[in-house]
Amino acid sequence: MQLDRRTFLKMGAAGTASTLAAPYFFTRASAQERTMSFWALNYTANPELKTSKWFKDLEAAWNDSNPVKIKVEAISANATDYYTKLATRFAGGEGPDVFLLSPADFLRYANANQLAELTPHMEKEAIDDFFPAVMATRMVGDKVFGLPMEVEPMAFYYSKQAFADAGLGEDDVPKTYEELIEIAGKLTTPDRYGVLFETNPGAYQVFTWYPFMWQGGGDVTTEDGKHSNFNHPGTVAALKLWKDLVEAGYAPREVLGGQGSQVAANLGAGYCAMQNCGIWGIAQLRDSAPDLEYGVFKLPTPAGQPNITVAGGWAFVANAGGKYVDEAAQFIVWALGSTAEDSKKRMLDWCTVAKSDMPPRKSVSEAGIANGAYSKGPLRFFAEEALPTARGEPRTPAEVYTMVSDAIQECMLNGGNPTDVAARTSDKIEDFLKTYHGARIL
Amino acid sequence: MAPAFSEAGRRSWSGAPSASRSRRGSKRARAERTAAWLFLAPDVIGLGVFVGLTMVLSLSMGFFRVSGFGQYTFIGLANYERLFSDAQFLNAVKVTSLYALGVVPAIYVAGLGLALLMQLDMPLRGIMRLMLFAPHVVSIIVVATVWRYMLASRVGVVNKVLADFGLHGQSWLGDPKFALATVVLVTVWFEMGFFMVIFLAGLQEIPRELHESAKIEGASAWQRFWYVTLPLLRPTSFFVVVIGVASAFAGGPGLDLTIAMTAGGPARTTTLATYYVYQQAFEVGDFGYAAAAASVLVAAMMVATIALFLVTRGGRGKNV
């Protein structure tokens with residue numbers, strides 16, 4: 001086909017105009033549909049997964065009976081990537097109507113008044129049904145700003161074969177820091193580390209390290225959240241434990257699979273014999289390392305100290321600046337926080353069918369125990385032994401957990417002296433707290 | 001003194017038939033100028049909006065406290081003052097400088113060396129060129145993931161090979177002594193194919209006769225390289241150094257590689273300045289401070305580029 005210059009220019013102009021105008025028409029079309037967006041990590045990215053089916057069922061059930069629809073979107077499996085995209089959308093004034101948020105980033109959105117209050121849409125009976133420790137990090141005063149969908153306590157996974165190879169049995173699982181160092185040493189070979197902790201800096205490493213600090217009596221801040229409590233013997237002991245294990249060559253300086261949360265890529269691949277990981281590891285091993293014979297045990301403690309673990313998990317939150325604030329809040333309460341049976345069943349399915357997690361509601365937890373979901377194997381361990389010792393994942397401003405992360409990195413991987421590092425970090429936290437204005441740090 | 005044209009002569013230059021031709025000519029020139037601008041417009045508008053305007057906005061944001069949720073508070077130079085007392089920012093600048101000092105000479109030597117090698121008459125030269133360029137077209141996250149596995153302590157293939165030679169394996173990415181050097185090496189591996197192609201283009205611009213004359217005059221291979229090839233490659237060398245420095249300071253593949261391979265660790269020994277900017281913006285949510293840090297980096301990069309221009313006269317050197 002031959003075109004003269006005028007025809008070519010006309011066609012070019014028409015093409016440019018239609019390209020520029022297209023978003024306007026698409027926007028109008030989507031606006032007429034009245035649809036809320038729901039950012040849910042990447043849970044719906046693979047339709048084969050049970051998590052995808054759960055979200056699709058949730059979407060369909062809501063859309064069947066509500067004029068304002070919901071659309072679940074897969075964003076990213078990587079929390080850092082997910083939060084980057086979330087921050088970008090909020091900075092552009094176009095945050096999703098509903099999104100998943102972990103306690104680590106709660107304050108950033110709550111302090112900027114970006115979270116819609118859910119309390120007016122909830123019955124008191126339902127609020128009281130959530131475990132207080134899990135709910136506390138989603139509340140400001142007595143107002144609820146997020147509903148947790150899961151509770152994920154941390155523990156240790158170990159390879160039974162590795163234990164057997166070292167002449168160890170189930171009774172030898174370490175109970176104290178000293179025993180952990182000793183057993184890790186026995187399990188270490190030229191091709192395998194005895195124990196594995198997260199090595200990457202950032203919020204996840206801090207999350208996994210917290211309970212070691214708590215078990216020695218340390219904490220990031222004082223109870224009122226107004227002063228630093230980091231310069232504490234418990235903090236120093238926790239920093240020293242991780243440092244000693246790495247420097248002895250019993251724990252690696254880097255993890256496989258990109259993150260220490262990946263139990264199949266590390267324990268399942270034989271890279272380590274014991275791994276510090278959360279309850280989600282059960283589903284990972286079931287799907288990716290089904291032949292691995294493994295056991296789980298509680299976090300070792302400083303001698304004579306009580307067991308404490310940390311329990312994380314994601315929560316549904318609504319965008320206070322979104323287009324459908326009330327509908328988004330109603331959706332969240334309908335999905336996870338109503339007294340209706342289908343709301344409870346949905347949470348139970350998420351925690352026991354789609355994933356391997358603990359429910360954040362007492363009634364759902366009881367239902368799970370009653371139907372046998374937590375009656376055997378590792379899930380029983382998490383329900384009966386780990387969960388009762390769990391403390392909710394703290395909510396601290398990013399500035400604070402970055403300081404804690406730097407302290408862990410300095411001692412664990414750069415030869416820092418735990419006593420000096422704890423004192424220095426405590427001063428930095430204290431300086432930051434003098435300038436902090438916002439919801440209480442927990 | 002102006003030439004003394006007669007009135008008749010003047011008329012003959014601007015007479016009626018010639019005026020018509022001239023009008024046609026100027027009309028065509030105008031049409032061509034318009035067409036040129038129309039062709040340039042998408043790039044000019046794109047650069048203006050997505051580079052120029054963004055830079056101005058970023059520079060302006062440095063004077064504000066920006067919440068990331070639409071609240072802007074003017075704070076003057078406070079962000080800039082904070083920068084120069086921020087030990088972590090200064091550490092990130094130091095790490096970036098070391099990274100640039102490692103990467104730029106290495107990609108120059110590797111790129112030029114490979115280009116010289118690929119100029120030789122050898123079998124399978126095309127396939128070898130392709131293989132050397134291949135890393136550059138692989139997704140950088142895939143590159144980082146594969147290298148992470150290959151470099152893993154105890155189980156990684158690199159340490160397995162070293163163990164066969166009786167060398168005790170190291171944690172290449174987890175030990176502060178080696179982490180930055182390892183990131184530099186992976187960056188060089190990733191980029192050397194690209195710079196090889198740039199140097200190949202530069203080498204093909206050098207007239208063959210010059211080499212032949214030098215050979216007839218009895219110049220050795222080294223002398224021909226030193227006195228013919230290298231001087232005539234100055235513009236290409238300049239381009240490689242400027243792009244290398246800019247890439248090292250502005251992020252380039254090093255930023256993605258460090259995020260995916262080390263997350264800036266261990267103990268911030270691989271935290272590049274651009275990664276620090278990213279952390280301040282997207283992890284801490286301090287967009288104003290991040291913008292101030294980015295502006296300082298851009299200014300430093302511009303100073304370095306201008307200095308390179310002045311010193312090398314834009315790559316033409318003193319003899320040209």
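This is a predicted model: local features need pLDDT of at least 70, side-chain atom pairs count only at pLDDT 80 or more; totals for chains, interfaces and linings use all residues.
The account begins with the aromatic rings. Over all chains, the structure holds 52 aromatic pairs. One of these is formed by Trp62(A) and Phe331(A), whose ring centres are 5.3 Å apart and whose planes stand at 85°, an edge-to-face arrangement.

Attention now turns to charged side chains. Side chains of opposite charge can pair when their charged atoms come close. Over all chains, the whole structure contains 23 salt bridges. In chain A, Lys186(A) forms a salt bridge with Glu182(A), and their closest N and O atoms are 3.3 Å apart. Both residues lie in helix H8 of chain A, where a spacing of four residues corresponds to about one turn of the helix. Lys186(A) is partly exposed, with a relative accessible area of 45%, and Glu182(A) is likewise partly exposed at 45%.

A salt bridge also joins Lys434(A) and Asp431(A), with an N to O distance of 3.7 Å. These two residues are three residues apart in helix H18 (residues 418-435) of chain A, and are therefore separated by about one helical turn. Lys434(A) counts as exposed because its relative accessibility is 60%, whereas Asp431(A), at 48%, is partly exposed.

In chain B, Asp175(B) and Lys177(B) form a salt bridge in which the closest N and O atoms are 3.4 Å apart. Lys177(B) is exposed because its relative accessibility of 64% is over 50%. Back in chain A, a network of salt bridges links Glu150(A), Glu152(A), Lys355(A) and Asp357(A).

The last topic is the surface. Asp171(A), Asp172(A), Glu178(A) and Glu179(A) form a negative surface patch. Among them, Glu179(A) is located in helix H8 (residues 177-187) of chain A, the helix that also holds Lys186(A) and Glu182(A). Glu179(A) is partly exposed, with a relative accessible area of 31%.

Chain B carries a nonpolar surface patch of about 1100 Å², made by Ile45(B), Leu47(B), Val49(B), Phe50(B), Val51(B), Leu53(B), Met55(B), Leu57(B), Met302(B), Ile306(B) and Leu310(B). Two elements of chain B, helix H2 (16-61) and helix H14 (287-312), each give two or more residues to this patch. H2(B) gives the most, with eight residues. Val51(B) is placed in helix H2 of chain B, and this residue counts as partly exposed because its relative accessibility is 40%.

Technical notes
Residues are numbered from 1 along each chain as its sequence is written. Chains are lettered from A and ligands numbered from 1 in the order in which they are written. Side-chain values use heavy atoms; hydrogens and water are left out. Patches are made of residues with over 30% relative accessible area and no salt bridge: like charges are joined within 9 Å, nonpolar side chains (Val, Leu, Ile, Met, Phe, Trp, Tyr) within 5 Å. Accessible areas come from the Shrake-Rupley method with a 1.4 Å probe; for residues, only the protein chains shown count as cover. A salt bridge is a side-chain nitrogen of Lys or Arg within 4 Å of a carboxyl oxygen of Asp or Glu. Lys and Arg count as positive and Asp and Glu as negative; His and the chain ends are not counted. The place of a charge is taken as NZ of Lys, CZ of Arg, CG of Asp or CD of Glu. Buried means under 20% relative accessible area, exposed over 50%, partly exposed in between (1.4 Å probe, protein chains only). Rings of Phe, Tyr and Trp (its six-membered ring) pair if their centres lie within 6.5 Å; planes under 30 degrees apart count as stacked, over 60 as edge-to-face and the rest as tilted.
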